[in-house]
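User: I would like to go through this structure with you, one topic at a time. Please keep the answers plain.
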Amino acid sequence: MKRLIVLILVLALVIPTGSILVTAQGDDPFEGMTPEELFPTAIDDQERQSAMEALLAANLPDARDRFEGQTLTIGVLASGTRGVISGAPYFWRNAFEAVTGAKLEIIEIPFEQMLTTLTVDFSTNQNTYDAIINASWFYGDYISNDWIIPIDDYIGAEGYPMWEPEKVAAPLQQLLKWGDSWYGVVNDGDTQMFYYRRDILEDPEWQAAYEEETGEPMPVPPQTWQQMLKVAQFFNGKDWNGDGDPDDGVSLHLKVGGQGFFHYMALSAPFSITPAEGGDPTAVTKYDNIYWFDPDDMTPVINSPGHVAALEFLQQLAATGSPSQFGWELGEAWDNFLNGNAVMLYSWGDVGSLAQDPNASTIKGKLGGSRILCSEDWYDRETGEFVHNAENSNCVGNLVGASWHGVISSASDVPDLAYYFLAMQAAPPILFWNVVYGWTGVDPSSTPHLFPPAGEASVDDYVAAGYDAGDVESYITGYGDNLFTFPTSQTYLRIPGTPEYWNILDIRLAEAMIGELSAQEALDEVASEWEDITDDIGRDYLLPIYQESIGYAPSE
Amino acid sequence: MTIKNRAGLWFVIPGIIWVLCFTLFPLLYSLALSFTDKRMGRRNRPGEWIGVQNYSDIFADNRVSEVLEMTLFVIIGGVLVTIVLGTFIAWLFNHDIPGLRAFRAILTLPIFAAPIALGQLGMILFNEQSGPVNHLITGLGGEPVYWLTEPWAARFAVLIVDAWQWTPFVFIIVLAAMQSIPDELYEAARLDTANAWTLFRRITLPLIAPALGTITMLRMVETFKILDIPYTLTGGGPGVSTQTYSYYIYLTGLRNFDMGYASALAYLLVIVAIIITSIFFWRVRARYEVQ
C-alpha cells in the first residue's frame with residue numbers, strides 16, 4: 001500500500017511536469033529554428049545573436065492558434081530590406097511569422113508617393129494595407145476620414161506583445177495620440193539635434209585660432225544659432241580636415257523636395273515661438289507656442305517677423321557651406337558631414353548612428369552631439385517686438401520629422417494581427433535593438449533608449465553594438481536633452497491638407513535660398529498661398545481640427 | 001447586316017469596349033470633374049457642381065504663370081534643339097559612312113529608354129561635384145556649372161536631357177525623308193553648284209519639310225506633357241524654376257488631391273494641344289491642296 005501511495009505521488013509529480021515540458025517544447029514557436037533562419041538579412045553573427053537575444057527577451061506570446069493562416073499587409077517607406085524604416089519589418093518578418101503562424105506582406109512605397117498612394121487607396125476603397133508605418137503629418141487626413149482606428153483597447157491586452165507607452169517621451173506621445181486616444185504604436189522618434197566635430201572644436205589649436213580671429217573664445221559646443229553661425233563662418237573655407245581642399249562650416253540640404261523644410265522648422269522655432277508664461281510653458285495660447293496659424297482664425301503666422309528673421313539667418317548660414325547644398329537632398333548633406341567635409345550639421349538622430357558605420361562614415365570617434373540650438377533673438381507676437389537676450393536665449397524643442405510609426409487601417413480584416421505586429425516592433429528589447437542598429441532608421445524615442453537622469457540606458461549598451469563610447473555619450477545625451485530639457489516643444493501640423501501646406505513652404509523656402517525671392521517675399525507668398533489653401537479646404541472645417549491638434553482652447 | 005459583317009463586329013467589339021472604358025470614360029469623367037470642387041480625401045469637398053469656377057481660377061493662379069515660363073522654354077528650346085540637331089545628324093548619316101548601320105543603331109538607343117531612367121542618369125551626369133559633365137568642363141579649363149542649383153542652369157539641364165532622348169527620333173524620321181529624295185535631283189543640281197549648303201537649302205530642306213512639320217507638331221505636343229525628366233532630374237527645383245505645366249497638374253491632382261482643378265488644368269492643356277494640331281493640319285491641308 002505504501003508503495004502504491006509513493007508510486008501515485010511520484011506519478012502525480014512526474015506526469016504533470018513531463019507534460020509541462022512536452023507542452024513547453026511544443027509551444028515554443030521558435031523551436032527548431034536557427035538564428036540564421038530567423039534573421040536571414042543579418043550581416044554577421046554579432047547582429048544575428050543580439051537579435052536572437054532581443055527576440056527571446058521580448059517574451060512574445062504564442063499566437064499561432066489565433067492567427068494561423070492569416071495574411072498581414074503593411075505599407076512602409078521604400079528603402080529596401082536593410083534600409084531605413086523598411087529594414088526592421090523585413091528583419092523581424094520570419095520571427096513574426098513563426099510566432100503568429102501568419103504571413104507578412106511588406107509593400108514599399110516611395111517617400112514622394114506615400115500620401116498619394118495611401119489617399120488613393122483609402123479613397124477608392126481598395127484598402128490594400130492592414131497597417132501602415134506612416135509619417136505623423138498624415139494624421140489630419142487619417143482622422144478626419146476615419147481611415148485608422150484607435151488602439152486603446154489593445155494596449156496592455158493579454159495575448160499581445162507588451163510595450164511601454166508611458167515611457168515614450170512626452171512630445172512624441174502627443175504625435176501618437178489624437179485627443180486622449182492612442183492611434184499609433186511607438187517606433188521611431190524624430191527629433192532634430194545638433195552635431196559637430198568633437199575632434200575639431202575641442203582642439204586647443206583651433207580654439208586659439210578662433211579666439212585670435214574673432215576676439216572671443218570658441219563656444220564648445222555652440223549653444224545658440226548665433227554662436228553656431230560664427231563658428232561656421234570661421235571654419236568655412238579652411239582646410240581643417242587636412243585633405244588639401246577648403247572645407248565647409250556647415251552641411252545643409254536645400255533642394256526642393258529634399259526635406260530641407262523640416263530643418264527650417266527646427267531652426268526657426270526659437271526665433272518665432274514663445275513659451276507660455278506661468279506654471280506651464282507648454283500651454284498653447286493665442287500668442288504662445290504658436291508656429292503655424294493664429295489659433296482663432298487660421299491666419300498664417302509663417303510670415304511673422306520671427307520667421308522672416310529665421311529665414312534670413314538660414315540664408316547667412318547657407319553661405320558657410322558648399323554652393324552645391326542648394327541642390328542637395330537629405331542624404332547628400334549627411335554624406336558631406338559623415339565624410340568629414342563639414343564641421344557642423346543639425347538633423348535627426350540617424351546621423352549619430354550612421355556615424356558609427358565604417359561603410360558610411362569616416363568620423364567615428366570624432367562625433368559630438370547636443371540638443372538643438374536656442375536663439376538669442378526672437379519675436380514676441382504679443383508685444384509685437386523683437387527680444388534680444390544672449391544670456392537667457394529662447395529654447396524650443398522639436399519633433400519635426402516623420403516619427404515613422406505604425407497605425408491600423410479601419411478597413412483591415414485583421415486588425416488584431418496588425419496590432420500584434422506593431423506591438424512586437426515596439427516590445428522594449430526589440431525596439432531597443434532597432435534603435436541601437438542605426439541602419440534600421442529607428443531613432444531613440446523612449447526612456448529605455450536614453451541615458452539617466454531621464455533615461456535608463458547606459459553607454460555600455462551601445463558600445464556592445466559597436467558604438468564609440470565618446471560618440472555615443474555625446475550623441476545620446478544630446479538626443480535625450482532634446483526631448484527632456486526644453487521648456488516647450490514646437491507644435492506639429494496635423495490638419496487635413498498638411499502636405500499641401502508643407503509643399504508650398506518647401507517651394508518658397510527653396511526660392512528664397514537660391515535668391516529668387518527675399519525672405520520676406522517668400523514667406524509672404526507662403527502666407528498668401530496658405531490662405532488660399534485654407535479657404536479652399538474650408539476655414540470653418542479646419543479651424544476646430546487645428547485647435548484640437550495643438551491643444552488650444554478658444555476663449556468664449 | 002451580312003454574316004461576314006456580323007463576324008467582323010465580334011472582332012471589333014473588344015476594341016470598342018477598350019476605347020469606351022479606357023479612353024472615352026476617363027475623358028468624360030475628368031471633364032465632369034473639372035466642373036466640380038472634388039477633392040480626394042476631403043469629406044467637405046465631395047464634388048459639388050461649381051460651373052466654370054475652376055477654369056476661371058486658372059487665369060488668376062500665380063503658379064500657372066510661373067510654370068508656363070518653364071513650359072514655353074522647354075517647348076521652344078526642346079523642339080528647336082532636337083530638330084536642328086536631329087536634322088544635322090541625319091544629313092551627316094545620309095552620306096556613305098563606314099559602319100553607318102551600327103552608328104544608326106547606337107544613336108537610336110535613347111528613344112527606348114524610359115524618361116525616368118534618363119532623368120536619373122542626368123542626375124549622375126550633372127552632379128555638380130562628381131558628375132562627368134563638370135569634370136569635362138573643368139578639365140577644359142572652365143568653371144564648374146551649378147546644373148541643379150542655379151535656375152537657368154537647371155532649365156538647360158532639363159532641356160539637354162530632353163534633347164538627348166528625342167534627337168534620335170527626329171534623326172530617324174528625317175533620315176528616312178532624306179533617303180527618299182531621288183539622287184537624280186542632287187546629280188542635276190551638282191551640275192550647277194558644288195556647294196553642299198545650297199544643295200541642302202534648295203533641295204533637301206524643301207523635300208523634308210513635310211516630315212519636319214509633322215515632327216514639330218508631335219514634339220510640341222509631347223513637350224507640353226513633359227513631367228518625368230524634371231521630376232527625376234531636378235524635382236521641379238531649384239524653387240519652382242523647372243516645374244512645367246504638366247508637373248503642376250500632377251502636383252495639384254495627385255499631391256494636393258484637388259481633382260476638380262487638376263482636371264480643369266488638364267483640359268486646358270488638351271484644348272491648347274488641339275489648337276496646335278488643328279493649325280498644323282490646316283496649314284498642311286492648305287499647302288498640299290494648293291499644290
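User: Which strands does helix H20 of chain A lie across?
Analyst: In this predicted model, helix H20 (residues 469-484) of chain A lies across strand S6 (193-197) and S9 of chain A. Its angle to S9(A) is about 15°, with axes fitted to C-alpha atoms, for helices over the stretch in contact, and angles running from 0 to 180 degrees between N-to-C directions. Helices (H or I, at least four residues) and strands (E, at least two) are DSSP runs, numbered from the N terminus.
User: What is the strand order in the open sheet?
Analyst: The order is S7-S8-S6-S9 (chain A), with mixed pairing; two strands pair if DSSP finds at least two bridges between them.
User: Why is one side of S7 and of S9 of chain A left without a neighbour in the sheet?
Analyst: Strand S7 (248-250) and strand S9 (367-370) of chain A are at the edges and each has a single partner strand, so one side of each lacks a neighbour in the sheet.
User: How many bridges join S7(A) to strand S8 of chain A?
Analyst: There are 2 bridges between S7(A) and strand S8 (residues 342-347) of chain A, and the two run parallel. A:Val250 has A:Met344 in S8(A) as its bridge partner.
User: Changing topic: how many residues of helix H18 of chain A are buried?
Analyst: In helix H18 (residues 428-436) of chain A, 8 of its 9 residues are buried, that is, 20 or more other C-beta atoms lie within 10 Å of their own, with C-beta atoms placed from the backbone. Among them are A:Phe432 and A:Trp433.
User: And the numbering and cut-offs?
Analyst: Residues are numbered from 1 along each chain as its sequence is written, while chains are lettered from A and ligands numbered from 1 in the order in which they are written. Local features need pLDDT of at least 70, side-chain atom pairs count only at pLDDT 80 or more, and totals for chains, interfaces and linings use all residues.

Notes. Buried ≥ 20, exposed ≤ 12 C-beta atoms within 10 Å, placed from the backbone. Contact = placed C-beta atoms within 7 Å.
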